[in-house]
Amino acid sequence: MAYVRTQGLHKNSTYIPKKDTFHNSICSLCNGGCGLRVQVDYNGRVQAIYGDPDNPYNQGKICPKPIEMIQNLYCPDRVAYPMKKINGQFVRISWEEAIEK
């Protein structure tokens, strides 16, 4: 059972463009599991995240967490490979070395 305050969720205030650039998904940032509509461009890059109006739980409403998810995906400071701290400095290591440790 989810313990999300649905009163804190808000309806989309932005126009949702045509369906062919959308994928249905579920938010995993809390235990609510709200339905999402993820807009992607022709390269598969996420452009926007909206609440899914067809989802019976959140009915198109979402909190700010999934909206900010795009910043986490494309942040230039995001760690995109394994690192190990050696003498106080982080050093890039191979995936094989990271899996072994």
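Q: What makes β2, β3 and β4 a sheet, and in what order do they sit?
A: Strands here are DSSP runs of E, at least two residues long, numbered from the N terminus, and two strands pair if DSSP finds at least two bridges between them. The three strands form an open sheet in the order β2-β3-β4, with antiparallel pairing. By the way, this is a predicted model, where local features need pLDDT of at least 70, side-chain atom pairs count only at pLDDT 80 or more, and totals for chains, interfaces and linings use all residues. Residues are numbered from 1 along each chain as its sequence is written, and side-chain values use heavy atoms, leaving out hydrogens and water.

Q: Why are β2 and β4 called edge strands?
A: β2 (22-26) and β4 each pair on one side only.

Q: How do you know that β3 and β4 pair?
A: Pairing takes at least two bridges, and five bridges join the antiparallel β3 and β4, so they count as a pair. In this stretch V40 stands opposite V46 of β4.

Q: Why is the set C27, L36, V38, V40, V46, I49, I62 and I70 called a nonpolar core?
A: A nonpolar core is a set of buried Ala, Val, Leu, Ile, Met, Phe, Trp, Tyr and Cys residues joined through side-chain atoms within 4.5 Å, where buried means under 20% relative accessible area (1.4 Å probe, protein chains only). These eight residues make up the largest such core. β3 (35-40) and β4 (46-51) each supply at least two of its residues.

Notes: Buried < 20%, exposed > 50% of the residue type's maximum accessible area, 1.4 Å probe, protein only. Helix = DSSP H or I, 4+ residues; strand = E, 2+ residues; numbered from the N terminus.
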